[in-house]
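Please read them with the sequence and the structure side by side.

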Amino acid sequence: QVQLVESGGGLVQAGGSLRLSCAASGSIFSINAMGWYRQTPGKQRELVAIITSPGRTNYADFAKGRFTISRDKAKNTVSLQMNSLKPEDTAVYYCSSTIVATTRGAYDYWGQGTQVTVFS
């Protein structure tokens, strides 16, 4: 069984920073892409940033220049450094990863989500 556990959400004033972390654990054979998504009530979940196994990154337009995704392959973790936060960044942030478990093929796993609230 594979789990993704996020941490680091919270309440921050506009212009501030937060760092989200996500750790994958369990019967992992290999990890492909790891990424962050976010969702607000009434809206579809949207991509924030993604990092592939070789380290290529892709960011949503709203994240470019403010957010940085990074990955520690040895620890099976992915982080999202968020700077210059705006109230519109308020959302539940989800970690996601395409993981090949030892007991099954590649599958997209999701964390439970962590709330980020930015106040002005």
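1. Asp89 sits in the loop between S8 and S9, where strands are DSSP runs of E with at least two residues, helices are runs of H or I with at least four residues, and both are numbered from the N terminus. Although it belongs to a loop, Asp89 counts as buried, because its relative accessibility is 1%; buried means under 20% relative accessible area, exposed over 50%, and partly exposed in between, with a 1.4 Å probe and protein chains only.

2. This is a predicted model, in which local features need pLDDT of at least 70 and side-chain atom pairs count only at pLDDT 80 or more, while totals for chains, interfaces and linings use all residues. Residues are numbered from 1 along each chain as its sequence is written, and side-chain values use heavy atoms, with hydrogens and water left out.

3. Which side chain does Asp89 join through a polar contact of 2.9 Å? The partner is the side chain of Arg38; a polar contact is a pair of N or O atoms within 3.5 Å, where within protein one must be able to donate a hydrogen and the other to accept it, and residues adjacent in sequence count only if both atoms are side-chain atoms. Leaving aside neighbours within four places in sequence, Asp89 is in contact (heavy atoms within 4.5 Å) with Arg38, Arg66, Phe67, Ser84, Val116 and Val118.

4. Thr90 lies in the loop between strand S8 (77-82) and strand S9 (91-101), and it counts as partly exposed because its relative accessibility is 24%. The side chain of Thr90 reaches two backbone atoms: the oxygen of Pro87 at 2.9 Å, and the nitrogen of Val118 at 2.9 Å. Not counting residues up to four places away in sequence, Thr90 touches Thr40, Gln115, Val116, Thr117 and Val118. Thr90 and Val12 are 78 residues apart in sequence, yet their C-alpha atoms are 9.6 Å apart in space.

5. Two backbone angles deserve a look, since most residues other than glycine have a negative phi. Ser84, which is not a glycine, has a positive phi near 50°; its place is in the loop between S8 and S9, and at 42% relative accessibility it counts as partly exposed. Asn76, also not a glycine, has a positive phi of about 55°; Asn76 lies in the loop between strand S7 (67-72) and S8, and at 23% relative accessibility it counts as partly exposed.

6. How many helices and strands does the protein chain have? The secondary structure comes to zero helices and 11 strands. Residues 24 or more positions apart account for 55% of the contacts with a separation of 6 or more, and buried residues make up 39% of the 120 residues.

7. The radius of gyration of the protein chain, taken over C-alpha atoms, is 14 Å, which agrees with the value near 14 Å for a compact globule of 120 residues, the rule being 2.2 Å times the number of residues to the power 0.38. Along its principal axes the C-alpha trace spans about 45 × 25 × 20 Å.
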